[in-house]
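Reader: I would like to go through this structure with you, a few questions at a time. Could we begin with the pairing of strands?

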Amino acid sequence: MIRLAHLSDPHLGPLPAARLRDLLSKRVIGYVNWHRSRARAMTGAWLDGLLADLDACTPDHIALTGDLVNIALDREIAAAADWLETLGPPADVSLVPGNHDAYVQGALKRAKKAWGPYMTGDGEDEPGFPYVRRRGPLALVGVSSARASGPWFATGRLGSRQARHLRDTLTDLGREGLFRVVMIHHPPQSAATAWNKRLTDASRVRAAVKRAGAELVLHGHTHLATRETIEGPHGPVPVIGVPSASNGPGQRRPPARFNLFTIDGARGSWHCEMEERGYAPVEREKRSRRATRRDRQARADNDLIELVPETETAPAAEVTTLARHTLEIPG
């Protein structure tokens, strides 16, 4: 038996100070978006509380499916490397990058250098995709959908070469009888996101899984708690998404959460229990459009004066079990 924790999209903050030349790109959009909304919704206090509970659950391994940073400033990437060390040693934490980690050209290369030990397969000297890590009965297969994209786009792409390697890797691991867990940032199922946020070659991922098989696919990106499936050679393969690990209750998306999988059995008779742990949702306050506009203007005026998030306070809410599921594993 092995216990695997999955979390995603921590969007670590607050944003460090940025030079003007750093913002002469798509970054300026993300910079404004952070200070006007995400700085108040996604805070380290909620993330810290979630991780304290995750640590108390003592998982055997942690799968982290990207978007550690926001606009991929150099200081963000360096801070995320320090944060990863607090999460666990590279042998116990497997990471794949997200679109925010590749926010502009060159960012992904810097992230791979800073976070490389968490994205390097067994027996390899440097990060590459897909990578494979064997942990007990598990084979963690990390693929990268992270690509720099234009303004107002958050798309991802594997490319034909990585997709072929994914298919071949899954085939080989299937022959070993391992429980194959595919880690990817963007969801691979059809119509999973808005058009400008989609995985552009999701059909390649689905084709690889349909031909070679997998037991579980984990993703982030949507900031939603979802349980879907894609077709495998022996039946539907579970595809599980998780909300942002730093989102507070009362926002448009579900509050911070992680999933804990307990996996036992062998090929043809796998058993997988899934426990959703996080902060309970609370109803959003209903406000008139006029009041909402006043609030937005007040925040905008404040942002013009000082682009610094408010002081974080410890969450009053506690992390609890939100749901339990028995996943049907093909084979």
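Predicted model: local features only at pLDDT ≥ 70, side-chain atom pairs only at ≥ 80, totals over all residues.

Reader: Which residue of β7 is the bridge partner of Val181?

Author: The partner of Val181 is Leu216.

Reader: And what is the order of the strands in the open sheet?

Author: The open sheet has 6 strands, in the order β4-β5-β6-β7-β9-β8, and its pairing is mixed. In general, strands of a sheet pair through backbone hydrogen bonds, in either the parallel or the antiparallel sense.

Reader: Which are the edge strands?

Author: They are β4 (131-135) and β8 (226-232), each of which pairs on one side only. From one strand to the next, the twist averages 25°.

Reader: Which strands does α5 lie across?

Author: Helix α5 lies across β4, β5 (138-142) and β6, and it runs at about 175° to β5.

Reader: Which strands does α6 touch?

Author: Helix α6 packs on the sheet and touches β6, β8 and β9 (235-241). The direction of α6 makes about 60° with that of β8.

Reader: Now the two helices themselves. At roughly what angle do the axes of α5 and α6 cross?

Author: The axes of α5 (residues 160-176) and α6 (residues 202-212) cross at roughly 20° and come within 9 Å. Angles under 35 degrees count as roughly parallel, so α5 is roughly parallel to α6.

Reader: Is that crossing of α5 and α6 left-handed or right-handed?

Author: The crossing is right-handed.

Reader: Which residues make the contact?

Author: On the α5 side they are Ser160, Ala163, Leu166, Arg167, Leu170 and Thr171. On the α6 side they are Arg204, Val205, Ala208, Val209, Arg211 and Ala212.

Reader: How many of the residues in that contact are nonpolar, polar and charged?

Author: The contact of α5 with α6 divides into 7 nonpolar, 2 polar and 3 charged residues.

Reader: What about phi at His11?

Author: His11 has a positive phi of about 45°, although it is not a glycine. Most residues other than glycine have a negative phi, and most peptide bonds are trans. His11 is found in the loop between β1 and α1.

Reader: Is His11 buried or exposed?

Author: His11 counts as buried, because its relative accessibility is 1% and the cut-off for buried is under 20%.

Reader: And where is Ala191 found?

Author: Ala191 is in the loop between β6 and α6. Ala191 also has a positive phi, near 55°. With a relative accessible area of 77%, Ala191 is exposed.

Reader: Lastly, where is Arg75 found, and what is it in contact with?

Author: Arg75 is found in helix α3 (residues 74-87). Leaving aside neighbours within four places in sequence, Arg75 is in contact with Pro16 and Ala17. Arg75 and Leu15 are 60 residues apart in sequence, and their C-alpha atoms are 8.8 Å apart in space. Arg75 is exposed, at a relative accessible area of 57%.

Conventions
Residues numbered from 1 in each chain as written. Heavy atoms only, no water. Axes fitted to C-alpha atoms, helices over the stretch in contact; angles between N-to-C directions. Helix = DSSP H or I, 4+ residues; strand = E, 2+ residues; numbered from the N terminus. Parallel < 35°, antiparallel > 145°, perpendicular 65-115°, else oblique. Left-handed = near helix turned anticlockwise from the far one by under 90°. Contact = heavy atoms within 4.5 Å. Nonpolar A, V, L, I, M, F, W, Y, C, P; charged D, E, K, R; others polar. Pairing = 2+ DSSP bridges. Buried < 20%, exposed > 50% of the residue type's maximum accessible area, 1.4 Å probe, protein only.
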